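Me: Hi! Could you walk me through the charged pairs and the greasy surface on this one?

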Amino acid sequence: QVQLVESGGGLVQAGGSLRLSCAASGGTLSSYVMGWFRQAPGNTRKFVAVISWGGGTTYYADSVKGRFTISRDNTKNTVYLQMNSLEPEDTAVYYCAAGVGRYSILGSDFDSWGQGTQVTVSS
């Protein structure tokens, strides 16, 4: 029932940075575990990062740990993904997702999804 809209994607050179935003409407953000996933062409959708209801706990895929940071501002109903030291392997469509039931890295545990935003990293 919550609607999610991602923004902030684009084209960046390897080593550069981007910050993605996910704006939520139709619900109270603090009621949801929030996650970021990504999908490259010809590949499956994969977990990137997750953040707990109040933002006190985060977890990252090994491939992005130390480079990406997930955060949330519940007063603004917005979730962010700060991406630093980007690599060509990070090229994908990035999706944010909201889950009502549990803290999880599984896409099946998330109930609402955004439309995705394209991130392209050139070498």
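This is a predicted model: local features need pLDDT of at least 70, side-chain atom pairs count only at pLDDT 80 or more; totals for chains, interfaces and linings use all residues.

Me: How many salt bridges does a search of the whole structure find?

Reply: The search finds 5 salt bridges.

Me: Which residues are linked in a network?

Reply: Arg38, Arg67, Glu87 and Asp90 are joined by salt bridges into a network.

Me: What is the N to O distance between Asp90 and Arg67?

Reply: Their side chains meet at 2.8 Å, N to O. This pair links distant parts of the chain, 23 residues apart: Asp90 is in the loop between S8 and S9, and Arg67 in the loop between S6 and S7.

Me: And how far apart are the closest N and O atoms of Glu87 and Arg67?

Reply: Those are 4.0 Å apart. Glu87 sits in the loop between strand S8 (78–83) and S9, so its bridge to Arg67 ties together parts that are 20 residues apart in sequence.

Me: Are these buried or exposed: Arg67 and Asp90?

Reply: Arg67 is buried at 12% relative accessible area, and Asp90 is buried at 1%. Glu87, by contrast, is partly exposed at 34%.

Me: Switching topic: which residues make the nonpolar surface patch?

Reply: Trp53, Tyr59, Tyr103, Ile105 and Leu106 make a patch of about 460 Å². Tyr103 is in the loop between strand S9 (92–99) and strand S10 (112–113), and is partly exposed at 32% relative accessible area.

Me: Back to charges: what does Asp109 form a salt bridge with?

Reply: Its partner is Arg102, with the closest N and O atoms 3.7 Å apart. Asp109 counts as buried at 18% relative accessibility, while Arg102 counts as exposed at 51%.

Key. Residues are numbered from 1 along each chain as its sequence is written. Side-chain values use heavy atoms; hydrogens and water are left out. Patches are made of residues with over 30% relative accessible area and no salt bridge: like charges are joined within 9 Å, nonpolar side chains (Val, Leu, Ile, Met, Phe, Trp, Tyr) within 5 Å. Accessible areas come from the Shrake-Rupley method with a 1.4 Å probe; for residues, only the protein chains shown count as cover. Helices (H or I, at least four residues) and strands (E, at least two) are DSSP runs, numbered from the N terminus. Buried means under 20% relative accessible area, exposed over 50%, partly exposed in between (1.4 Å probe, protein chains only).
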